[in-house]
Amino acid sequence: MTRRFLFLLGSSRPEGNTELLARRAAEQLPAHVEQRWIGLAEHPLPEFEDLRHDSDHVRPTEGNAGLLLDATLTATDIVIASPLYWYSLSTPVKRYLDHWSGWLRTPGLDFKATLAGRTLWGVTALAHQEQEAADPLIGSLNNSAAYMGMRFGGVLLGNGSRPGDVLKDTEALARAKTFFAQEAPLARFPWERAADTAPTR
């Protein structure tokens with residue numbers, strides 16, 4: 001299958017540090033690899049409505065929901081580019097993932113089966129020097145990928161607060177050069193990994 005990367009920009013600021021870092025990583029992709037970039041702030045989704053106990057969701061065919069659903073279904077690699085907001089994902093990204101819940105319950109869509117085996121990646125810029133501050137964001141993406149049966153390529157972290165700061169983070173820029181070249185393992189929940197390392201009796 002030809003690889004098709006979908007970059008979802010979750011910042012409220014255009015050309016923010018997270019986007020700059022994501023574009024540096026994307027520059028390293030081979031020319032034949034398709035890239036599609038969608039800013040979630042420019043294509044806002046409506047608030048998610050949970051209908052699972054009331055009625056079936058209807059497949060969106062128009063507007064931003066239709067655009068994002070179709071883009072998601074056709075991507076082999078989904079890149080969540082979200083700044084670290086209050087130690088987690090930005091609101092536009094969280095709303096997008098909330099809509100996955102509806103797409104999972106849309107008759108005839110086979111959303112989970114379609115995404116299974118595909119790869120989820122993350123890119124984020126944070127103001128903290130301590131990278132552990134991004135652990136909740138990383139955990140959210142890893143666990144989402146694990147639930148969907150997807151692969152998880154990890155999260156490319158960069159440091160930056162003021163516009164353009166991340167371009168001074170030489171370590172992050174070095175990691176960006178090989179980020180998408182790495183093999184992405186099948187995502188697993190933390191308790192599954194813990195079971196593998198538990199001592200036998």
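Is Asp70 buried, partly exposed or exposed? Keep that in mind as we walk through this predicted model, in which local features need pLDDT of at least 70, side-chain atom pairs count only at pLDDT 80 or more, and totals for chains, interfaces and linings use all residues. Residues are numbered from 1 along each chain as its sequence is written, and side-chain values use heavy atoms, leaving out hydrogens and water.

**Stop 1: Asp70 and Arg59**

Select Asp70. Asp70 is partly exposed, with a relative accessible area of 33%; buried means under 20% relative accessible area, exposed over 50%, and partly exposed in between (1.4 Å probe, protein chains only). Asp70 lies in helix H2 and Arg59 in the loop between S2 and H2, so the pair ties together parts 11 residues apart in sequence. Helices (H or I, at least four residues) and strands (E, at least two) are DSSP runs, numbered from the N terminus.

**Stop 2**

The structure holds six salt bridges. Move to helix H3 and select Asp98 with Lys94: they are four residues apart, about one helical turn. Their closest N and O atoms are 2.7 Å apart in a salt bridge. Asp98 has a relative accessible area of 25%, and Lys94 has 41%. Next, pick Lys168, which is exposed at 66% and meets Asp165 in a salt bridge (3.6 Å, N to O).

**Stop 3**

Select Ile78 in strand S3; Ile78 is buried, with a relative accessible area of 1%. Not counting residues up to four places away in sequence, its contacts (heavy atoms within 4.5 Å) include Leu6, Leu8, Tyr96, Trp100 and Met150.

A nonpolar core is a set of buried Ala, Val, Leu, Ile, Met, Phe, Trp, Tyr and Cys residues joined through side-chain atoms within 4.5 Å. The largest one has 38 residues, and Ile78, Phe111 and Leu141 are among those with the most contacts inside it. Elements giving two or more residues to this core include strand S1 (4-9), helix H3 (91-104) and helix H5 (135-148). A second, separate core of 21 residues includes Ala25, Ala26, Ala172 and Ala184.

**Stop 4: helix H1**

Finally, select residues 17-26, helix H1, where seven of the 10 residues are buried. Among them are Asn17, Leu21, Ala25 and Ala26. Their cover includes S1, strand S2 (34-39) and helix H6 (170-176).

Methods
Salt bridge = Lys/Arg side-chain N within 4 Å of Asp/Glu carboxyl O.
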